[in-house]
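Student: I have a chain open on my screen and would like to talk it through with you. Could you put it up here as well?

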Amino acid sequence: MQKLIDELRKGWQGVAPPSLVLGLCFAVACLLVATLARWGLAYVRPDVYFTPYFPAVFFAAAFGGLRIGIITALVGGVLGVAVNFGDAFADRSRFVLLTLYWGVSALTIWGVEHYRTMLAEQRRISKRLIEEEDYRKLLVDELQHRLKNKLSTAHAVLHQVLHDQPQVWAKVDPRLRSLAMTDDLISRIDKAGCDIRDLLIAELGPYGHVRFTLNGDRLFLPPKLAVTLSLMFHELATNAGKYGAFSAPRGLLQVSWTVSGDRLTVTWDETEGPSIDNVSAPGFGTQLLKSALSAFDGKSEVSYLRTGLHCIMQCRIPKNE
């Protein structure tokens with residue numbers, strides 16, 4: 001019984017065509033109901049010969065496909081001509097109506113079959129997208145695992161090399177641990193989101209907590225926005241470590257954020273860093289900063305001032321994800 005129900009469900013949803021026997025049985029049931037409806041209508045309008053069979057053709061084609069729909073239309077036409085619920089007999093006008101009935105039935109069957117084809121293609125594309133998403137998640141998880149292993153290996157190697165230099169190791173060890181914590185945080189926020197302050201501390205912690213200040217109230221970021229901002233903060237922090245405030249002994253960073261309605265504004269200010277004389281051609285990092293927030297109706301503006309890099313990021317905070 002359960003197998004029959006599953007086959008009925010799959011046939012009606014267009015997942016898989018039913019067996020020929022089941023399709024014919026369904027068509028017979030549709031024709032029987034349509035004939036009973038025609039018999040009831042004969043007490044009011046005895047000249048209704050083919051109208052009740054249109055729904056039968058539609059449902060039979062939707063369930064059983066092209067062949068079952070054609071069979072139902074042909075049998076329905078024969079029943080409309082041969083079966084009489086009154087004194088009238090088949091004449092020329094009824095055959096004209098038969099021709100119209102078959103024409104409309106053909107259009108109905110074509111429409112249903114076209115819809116079933118589109119539905120099957122959409123289901124195939126959806127399945128492929130789901131498989132691609134699962135593959136990407138597996139790949140990302142594997143890359144995160146390998147990155148964590150490599151960082152652990154580098155930590156162990158440096159510990160062995162610097163075991164007789166405790167002062168140097170005391171500076172290197174917390175930075176490596178902060179980097180590991182940042183990677184773990186990014187893997188977590190992809191699923192649950194996080195607070196913007198925790199995100200910034202994780203990204204900027206490896207450069208020393210005395211090198212930056214954070215100004216803003218607690219703000220929970222949804223997962224997608226949190227991941228996007230983490231990529232942008234990582235890019236800005238990396239540039240600050242290479243060329244900006246974190247590359248100079250006295251360089252400082254101040255990050256501030258405010259919320260107005262559903263709009264978030266983040267300001268990134270670097271001071272006391274090396275002077276920026278020449279700006280290189282835009283690379284991947286610059287493109288990331290300019291386009292990453294477009295999915296949240298946002299934008300970012302980067303300015304290279306004499307005091308250091310200045311970046312303003314504005315975006316919408318999604319309510320539901």
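Predicted model: local features only at pLDDT ≥ 70, side-chain atom pairs only at ≥ 80, totals over all residues.

Student: How many helices and strands are in the protein chain?

Tutor: The protein chain has 9 helices and 7 strands, and of its 321 residues 35% count as buried.

Student: In what order do the strands of the open sheet come?

Tutor: The open sheet is built from 5 strands in the order S2-S4-S5-S7-S6, with mixed pairing. S2 and S6 (299-305) stand at its edges with a single partner strand each, so one side of each has no neighbour in the sheet. From one strand to the next, the twist averages 10°.

Student: And in what sense do S5 and S7 pair?

Tutor: They pair in the antiparallel sense, over 7 bridges, and Thr 267 has Ile 312 in S7 as its bridge partner.

Student: Which strands does H7 lie across?

Tutor: H7 lies across S2, S4 and S5, and runs at about 160° to S4.

Student: Switching to the core, which residues touch the most other members of the largest one?

Tutor: Those are Leu 204 and Trp 268, in a nonpolar core of 34 residues. Several elements give two or more residues to this core, including helix H7 (196-204), helix H8 (223-242) and strand S5 (263-271), and H8 gives the most, with 8 residues.

Student: What does Trp 268 touch, leaving out residues up to four places away in sequence?

Tutor: Among the residues that Trp 268 touches are Leu 204, Phe 233, Leu 236, Val 255 and Met 313. Apart from this core lies another, of 16 residues, among them Tyr 49 and Phe 50.

Student: Now the charged pairs: how many salt bridges does the structure hold?

Tutor: It holds 6 salt bridges. In one of them Arg 218 pairs with Asp 195, with the closest N and O atoms 3.2 Å apart; this pair links distant parts of the chain, since Arg 218 is in the loop between S2 and strand S3 (220-221) and Asp 195 is in strand S1, 23 residues apart.

Student: Is Asp 195 buried or exposed?

Tutor: Asp 195 is buried, at a relative accessible area of 12%, whereas Arg 218 counts as exposed at 55% relative accessibility. A network of salt bridges links Asp 195, Asp 198 and Arg 218.

Student: And how far apart are the closest N and O atoms of Glu 121 and Arg 124?

Tutor: They are 2.5 Å apart in that salt bridge. Because Glu 121 and Arg 124 are 3 residues apart in helix H5 (residues 92-161), about one helical turn separates them.

Conventions. Residues numbered from 1 in each chain as written. Heavy atoms only, no water. Core = buried A, V, L, I, M, F, W, Y, C linked by side-chain atoms within 4.5 Å. Buried < 20%, exposed > 50% of the residue type's maximum accessible area, 1.4 Å probe, protein only. Helix = DSSP H or I, 4+ residues; strand = E, 2+ residues; numbered from the N terminus. Contact = heavy atoms within 4.5 Å. Pairing = 2+ DSSP bridges. Axes fitted to C-alpha atoms, helices over the stretch in contact; angles between N-to-C directions. Salt bridge = Lys/Arg side-chain N within 4 Å of Asp/Glu carboxyl O.
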